[in-house]
Number of protein chains: 4
Amino acid sequence: MNNQKFSFLYDYSEGAHPKILEALSMTNLVQQNGYGEDNYCEEAKYLIKKAINNDQVDVHFVSGGTQANYIVISSALKPYESVISASTGHIHVHETGAVEAKGHKINAIETTDGKITPEQIEKVLIFHTDEHMVRPKMVYISNSTEIGTVYTKSELKKLHLYCKEKGLYLFMDGARLGSALMSPESDLSITDLPELTDAFYIGGTKNGALIGEAIVLCNDNLKNRFRYYIKQNGALLAKGRILGIQFKTLFTDNLFFDNAKHANDMAFKVAEAVKDLEYDFLGEPSSNQIFPILPNHVIDELSKLYQFYVWSKVDEDRSSIRIVTSWATPESEVDSFIADLIRINKQGRL
Amino acid sequence: MNNQKFSFLYDYSEGAHPKILEALSMTNLVQQNGYGEDNYCEEAKYLIKKAINNDQVDVHFVSGGTQANYIVISSALKPYESVISASTGHIHVHETGAVEAKGHKINAIETTDGKITPEQIEKVLIFHTDEHMVRPKMVYISNSTEIGTVYTKSELKKLHLYCKEKGLYLFMDGARLGSALMSPESDLSITDLPELTDAFYIGGTKNGALIGEAIVLCNDNLKNRFRYYIKQNGALLAKGRILGIQFKTLFTDNLFFDNAKHANDMAFKVAEAVKDLEYDFLGEPSSNQIFPILPNHVIDELSKLYQFYVWSKVDEDRSSIRIVTSWATPESEVDSFIADLIRINKQGRL
Amino acid sequence: MNNQKFSFLYDYSEGAHPKILEALSMTNLVQQNGYGEDNYCEEAKYLIKKAINNDQVDVHFVSGGTQANYIVISSALKPYESVISASTGHIHVHETGAVEAKGHKINAIETTDGKITPEQIEKVLIFHTDEHMVRPKMVYISNSTEIGTVYTKSELKKLHLYCKEKGLYLFMDGARLGSALMSPESDLSITDLPELTDAFYIGGTKNGALIGEAIVLCNDNLKNRFRYYIKQNGALLAKGRILGIQFKTLFTDNLFFDNAKHANDMAFKVAEAVKDLEYDFLGEPSSNQIFPILPNHVIDELSKLYQFYVWSKVDEDRSSIRIVTSWATPESEVDSFIADLIRINKQGRL
Amino acid sequence: MNNQKFSFLYDYSEGAHPKILEALSMTNLVQQNGYGEDNYCEEAKYLIKKAINNDQVDVHFVSGGTQANYIVISSALKPYESVISASTGHIHVHETGAVEAKGHKINAIETTDGKITPEQIEKVLIFHTDEHMVRPKMVYISNSTEIGTVYTKSELKKLHLYCKEKGLYLFMDGARLGSALMSPESDLSITDLPELTDAFYIGGTKNGALIGEAIVLCNDNLKNRFRYYIKQNGALLAKGRILGIQFKTLFTDNLFFDNAKHANDMAFKVAEAVKDLEYDFLGEPSSNQIFPILPNHVIDELSKLYQFYVWSKVDEDRSSIRIVTSWATPESEVDSFIADLIRINKQGRL
């Protein structure tokens with residue numbers, strides 16, 4: 001990373017929200033039990049249960065998303081059971097086969113918007129008929145998805161109802177859950193999740209924490225001896241306190257949601273400017289990842305000033321780029337980016 | 001944990017050394033690449049290579065000891081290969097079968113002092129003769145061991161020579177490496193390790209970091225595509241920077257060794273007091289874990305004032321206890337403990 | 001299975017070729033070493049090496065195809081490596097996730113004819129760029145494929161050359177290798193295989209044996225301690241002699257090829273009759289599995305007399321069926337089937 | 001194996017009992033469904049349920065003992081659960097880590113006679129207290145054991161009762177179950193097994209079959225979708241009929257028990273001769289494996305005439321040997337062996 005140019009590459013380019021660092025400092029020398037059996041984890045769990053308005057769930061903290069995904073999936077499935085995922089799903093593409101490394105096949109569904117529907121799942125179920133094939137038992141979705149789209153409450157309800165009918169677990173990867181929940185494109189609330197999923201996780205790393213994802217187990221079938229799985233997979237931190245402290249902070253004074261809203265606001269501000277210039281997007285901007293389609297010469301000029309991914313070629317003259325914002329993205333950088341975009345665009349038209 | 005009574009239960013009861021928190025704050029908003037490809041990780045690797053006086057090794061950072069152990073072991077072994085460990089070894093007892101969960105058998109050697117010798121390994125090799133049995137390929141040792149003992153340079157040299165002759169990898173679990181290296185019972189130096197092991201890790205969590213172990217791969221055979229293993233096992237942190245910052249701090253101004261020396265000094269101060277009272281130990285005090293043997297009534301009184309583990313029954317009247325100190329143990333608490341021990345002891349003899 | 005109606009369902013509906021039963025009887029009481037270290041296995045290996053005109057390969061016998069597939073694949077791959085397969089591949093569809101159960105992802109390529117090409121593989125390789133993704137390392141093909149098609153020598157040469165350039169292993173599933181090699185649609189010879197694959201297996205079960213597949217390891221990288229993998233996966237039979245006796249018999253007096261030719265001849269005889277009636281096929285008949293497209297009313301009548309799979313709906317009036325023949329299919333049953341087909345067809349047109 | 005000298009090395013040196021070969025021939029061309037869904041498997045299951053006097057069990061056939069062991073164990077255990085075994089247990093020593101390869105730790109109990117007791121299991125349970133350790137969930141025993149000893153009904157009852165109290169599954173490896181049941185040292189009957197174990201298998205390979213073990217699942221918890229496990233582990237033979245035919249034959253006209261009785265009788269005849277010569281044994285002869293202790297010079301002379309294993313050094317002058325008999329051991333060879341033993345013994349004393 002070239003530190004001269006501001007980066008819109010990721011939502012994990014900075015450290016933690018200052019309140020988190022402050023909380024780590026304040027509690028630093030208080031002696032606590034290890035392995036997540038400390039007071040801070042207890043308080044964080046309490047606050048999360050309160051936020052989701054459900055105290056029947058089990059909450060566990062781990063360091064990162066790949067861990068959260070493969071531990072939940074492999075603890076829920078029997079050896080011959082498989083998990084259904086969008087072909088764009090993080091577990092299918094970007095986790096180095098972690099799910100398969102635990103022994104389970106992923107049944108991938110081709111998708112253009114990163115989301116999956118009951119109709120698509122139905123086809124997978126119909127295909128898998130007997131003991132010569134794996135048995136699909138879980139549906140994995142990401143919200144927001146890997147390409148920035150979000151599930152509406154109605155979509156999630158349909159998925160959940162279908163899964164329940166078919167005896168499938170529904171698991172939501174919430175690495176970017178904050179941004180999804182604060183999206184104007186979705187009416188889904190965090191209090192809906194315990195009813196509409198069997199398990200989900202609340203992503204901390206990409207929403208202001210140093211590390212940390214909070215796994216929420218809603219279905220009783222998934223709760224049994226979960227700490228054994230966490231430990232066996234090397235995910236039980238000796239100083240589990242640092243996960244507790246972070247989630248306690250995120251779920252105090254609305255910080256988790258404020259962080260996510262700031263990230264979304266910054267993305268939407270860029271999106272508005274792009275729309276004003278009458279450029280298009282790959283998919284409607286819905287969360288903190290947006291994909292404007294720009295002329296290649298504009299992209300070339302912008303990339304001299306800012307860091308971002310050129311995502312895909314659209315036609316001979318245009319490509320899509322990915323702009324990712326976060327809790328830490330200063331509005332001043334967004335304003336500069338917009339100003340530069342307008343200036344470059346104007347030059348290009350001369 | 002009862003916060004009223006000072007705890008000698010663990011060396012991970014507190015947060016991080018203040019210099020580490022400070023470094024996290026100072027760097028917090030500097031944008032960096034993710035997944036350990038940031039500048040701080042680079043600097044930390046440079047400092048570690050300098051400290052061990054070897055720039056041919058590969059250094060990788062992960063969050064915790066179980067992760068470090070099972071990832072190194074499973075990346076080094078073929079599916080039919082096994083790892084030899086003391087029966088007290090952390091991988092054999094306290095990692096919920098993480099090594100077996102990756103498919104590998106542990107050949108356990110019964111031991112009283114937590115250490116293993118070439119003669120013991122020889123018996124395991126002789127027993128395993130053909131394809132109906134696993135094939136031992138690695139020797140796992142802990143230094144300091146799970147019961148506080150340490151390897152001398154001469155012991156390690158013999159082990160390493162033997163392993164090399166037999167085509168075995170030698171891997172050292174260094175969760176408490178700092179304390180082992182600062183032990184007056186051992187002449188081993190950190191600069192010896194690249195020559196005397198095929199891989200080892202430098203424990204941060206128990207020596208002043210929030211989280212973090214630095215895996216050092218010395219043997220070229222073990223280096224290939226190691227990041228794939230880290231990622232597949234959910235151990236590649238998005239904000240890998242926080243591991244880099246911590247190890248950079250630990251290996252600046254001798255902090256890693258100073259922390260360990262403080263822990264040892266506190267343990268030895270207690271040990272001296274115990275010796276002065278003419279009490280015995282389970283094994284000679286060598287590192288930050290010591291095991292005094294005390295009359296049961298003394299233990300009862302002490303445990304009203306301090307937290308520690310009662311380790312094992314020695315005879316009808318006496319038991320051993322485990323006292324663990326750390327970088328964070330205040331000398332004032334050690335002094336109080338000693339004063340209380342002397343007082344209780346005196347009362348007992350009246 | 002209704003024993004009244006002759007079955008064209010499978011090529012494993014009967015026991016073994018009589019010469020194999022005879023050989024089992026003749027050798028029955030001769031004492032031999034266990035676990036494949038007997039004289040018959042030695043002789044069978046010698047005969048196979050002679051048949052493929054290469055004595056540098058390693059030959060191992062196992063009971064069935066799923067075993068052969070997952071053992072070869074999992075012994076060749078490192079934990080983070082994947083295998084590329086057609087989406088119709090037996091390992092992807094019909095082995096209950098055996099490859100994933102050993103920890104490896106399958107990268108599936110959509111295909112209509114069951115075969116894959118370098119161009120399709122190239123796309124997979126380009127997509128997998130770094131340690132966040134699995135690393136494709138092997139290409140799995142079936143010959144004949146699961147839908148009866150066969151590779152020509154030129155197709156296999158191109159695949160092999162491409163794999164070699166890219167550092168990929170090429171592994172051929174030969175469950176129906178006999179039929180593929182005797183296909184008039186292919187000029188491939190068994191002596192070509194050691195040069196054009198890194199490993200393949202010669203299917204016995206579907207070509208006249210009771211059980212048994214002969215794995216042939218051509219690439220030296222794949223040979224090391226292979227018996228450990230066979231044993232660990234429960235595939236090392238105590239009485240390995242019965243695999244040796246069967247393959248010795250199959251590779252004596254051309255029996256392996258004669259069996260396959262008979263199976264093909266029976267299928268082609270049916271195919272000719274179908275063509276004479278001016279019906280079409282799903283794919284050109286190439287081996288012992290053919291897929292005629294017939295009017296539904298013809299299928300209904302035929303299925304009162306014979307057993308076979310109705311494979312897929314083609315349009316409102318027609319479906320494809322699967323006819324499988326084997327070494328054991330009597331020509332008289334084929335003749336009856338053809339006569340009945342002609343008769344029913346005539347009736348239908350009245 | 002030198003075919004000149006008669007072998008007492010194994011109980012799998014010959015093919016199958018002639019009645020089995022005859023049954024394979026008689027049924028050879030009858031068309032049947034594949035994958036164990038044929039009439040012969042049905043009949044064999046019926047006969048086994050009748051023999052054990054219980055029709056609530058599930059019966060499945062696989063090829064060999066390692067398969068049976070690791071499939072039963074890994075299907076019963078959750079990823080963090082372990083299996084308790086004698087240190088001499090086949091799964092611990094002679095299966096190339098197959099159980100660990102499926103992810104499970106074996107808790108080994110040191111034993112001298114190959115058997116384990118509730119007291120020994122208790123110690124394992126007490127040691128394993130929390131989620132930092134594996135959770136023992138199954139007890140594996142072999143009957144007869146790997147060193148020829150057998151469980152009495154009373155011993156098995158105690159084990160079973162204890163396991164039930166503690167929530168442990170009890171699984172009996174019956175590779176040599178026939179010999180164990182026909183042992184004069186045990187009053188255990190095959191009809192006791194459904195009540196006194198949660199699962200067991202009936203060994204065919206070492207008692208007259210070419211291949212084949214019949215897994216009997218007694219506890220309902222272990223029955224669910226067991227065929228998926230069989231298939232995923234490559235153990236579902238396409239021509240499953242050959243397992244059905246063999247077990248149908250073994251459980252017709254008492255053949256299974258007659259085979260075992262013959263094996264035992266032959267061993268005991270040797271044992272009587274050894275006793276007459278006033279030689280000792282490693283353990284009381286109880287089944288078809290006996291371990292006479294003989295002077296080394298006697299062993300040297302015998303080994304010029306017969307094949308057998310020299311098992312262990314007893315003192316400077318004496319060693320134990322292992323004599324294994326089977327359904328196929330001709331009494332004439334036993335008589336010759338005894339005559340030679342007497343002759344050599346007499347010479348030695350001159």
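A residue counts as buried if 20 or more other C-beta atoms lie within 10 Å of its own. The legends below use this term, and the model they describe is predicted.

**View 1. Helix H11 of chain C and its surroundings.**
Helix H11 of chain C covers residues 241–250, and ten of its ten residues are buried, so the helix is largely enclosed by the rest of the structure. The buried residues are C:Arg241, C:Ile242, C:Leu243, C:Gly244, C:Ile245, C:Gln246, C:Phe247, C:Lys248, C:Thr249 and C:Leu250. They pack against several elements of chain C, among them helix H1 (18–26), helix H2 (39–51) and helix H12 (255–276). Strand S2 (58–62) and strand S8 (213–217) of chain C are also packing partners of these buried residues.

**View 2. The crossing of H2(A) and H11(A) in chain A.**
The axes of H2(A) and H11(A), the latter being residues 241–250 of chain A, come within 7 Å and cross at roughly 35 degrees. The crossing of H2(A) and H11(A) is left-handed. From H2(A), the residues that take part are A:Tyr40, A:Cys41, A:Glu43, A:Ala44, A:Leu47 and A:Ile48. In H11(A) they meet A:Arg241, A:Leu243, A:Gly244, A:Ile245, A:Phe247 and A:Lys248. Sorted by class, the residues of this contact are eight nonpolar, one polar and three charged.

**View 3. The two domains of chain A.**
Chain A is divided into domain 1, made of 6–12 + 256–349, and domain 2, made of 18–252. Their C-alpha centres lie 28 Å apart. The contact takes 18 residues from domain 1 of chain A and 20 residues from domain 2 of chain A. On the side of domain 1 that touches domain 2, helix H12 (255–276) and strand S10 (289–290) of chain A are the elements that give two or more residues. H12(A) supplies the largest share of that side, seven residues. By class, this side of domain 1 of chain A has eight nonpolar, seven polar and three charged residues.

**View 4. A:Tyr35, a residue with positive phi.**
A:Tyr35 is not a glycine, yet its phi is positive, at about 55 degrees. This residue is found in the loop between helix H1 (18–26) and helix H2 (39–51) of chain A. Is A:Tyr35 buried or exposed? With 20 other C-beta atoms within 10 Å, A:Tyr35 is buried.

**View 5. D:Arg225, a residue with positive phi.**
D:Arg225 is a residue other than glycine with a positive phi, near 50 degrees. Its place is in the loop between strand S8 (213–217) and helix H10 (226–232) of chain D. D:Arg225 counts as partly exposed because it has 13 C-beta neighbours inside 10 Å.

**View 6. Cis peptide bonds in chains C and D.**
In chain C, a cis peptide bond joins C:Asn143 and C:Ser144, with omega about -5 degrees. C:Ser144 is found in the loop between strand S5 (135–142) and helix H7 (153–166) of chain C. In chain D, a cis peptide bond joins D:Asn143 and D:Ser144, with omega about -10 degrees. D:Ser144 lies in the loop between strand S5 (135–142) and helix H7 (153–166) of chain D.

**View 7. The contact of chain D with chain C.**
Here 42 residues of chain D are in contact with 43 residues of chain C. On the side of chain D that touches chain C, the elements that give two or more residues are helix H1 (18–26), helix H3 (65–76), helix H5 (98–101) and H10 of chain D. This side of chain D has 18 nonpolar, 21 polar and three charged residues.

Definitions and conventions. Residues are numbered from 1 along each chain as its sequence is written. Chains are lettered from A and ligands numbered from 1 in the order in which they are written. This is a predicted model: local features need pLDDT of at least 70, side-chain atom pairs count only at pLDDT 80 or more; totals for chains, interfaces and linings use all residues. Domain bounds come from an automatic or database domain assignment. Two residues are in contact if their C-beta atoms, placed from the backbone, lie within 7 Å. Helices (H or I, at least four residues) and strands (E, at least two) are DSSP runs, numbered from the N terminus. Ala, Val, Leu, Ile, Met, Phe, Trp, Tyr, Cys and Pro count as nonpolar, Asp, Glu, Lys and Arg as charged, and the others, Gly among them, as polar. A residue is buried if 20 or more other C-beta atoms lie within 10 Å of its own, exposed if 12 or fewer, and partly exposed in between; C-beta atoms are placed from the backbone. Axes are lines fitted to C-alpha atoms, for helices over the stretch in contact, and angles run from 0 to 180 degrees between N-to-C directions. A crossing is left-handed if the near helix is turned anticlockwise from the far one by less than a right angle, and right-handed if clockwise.
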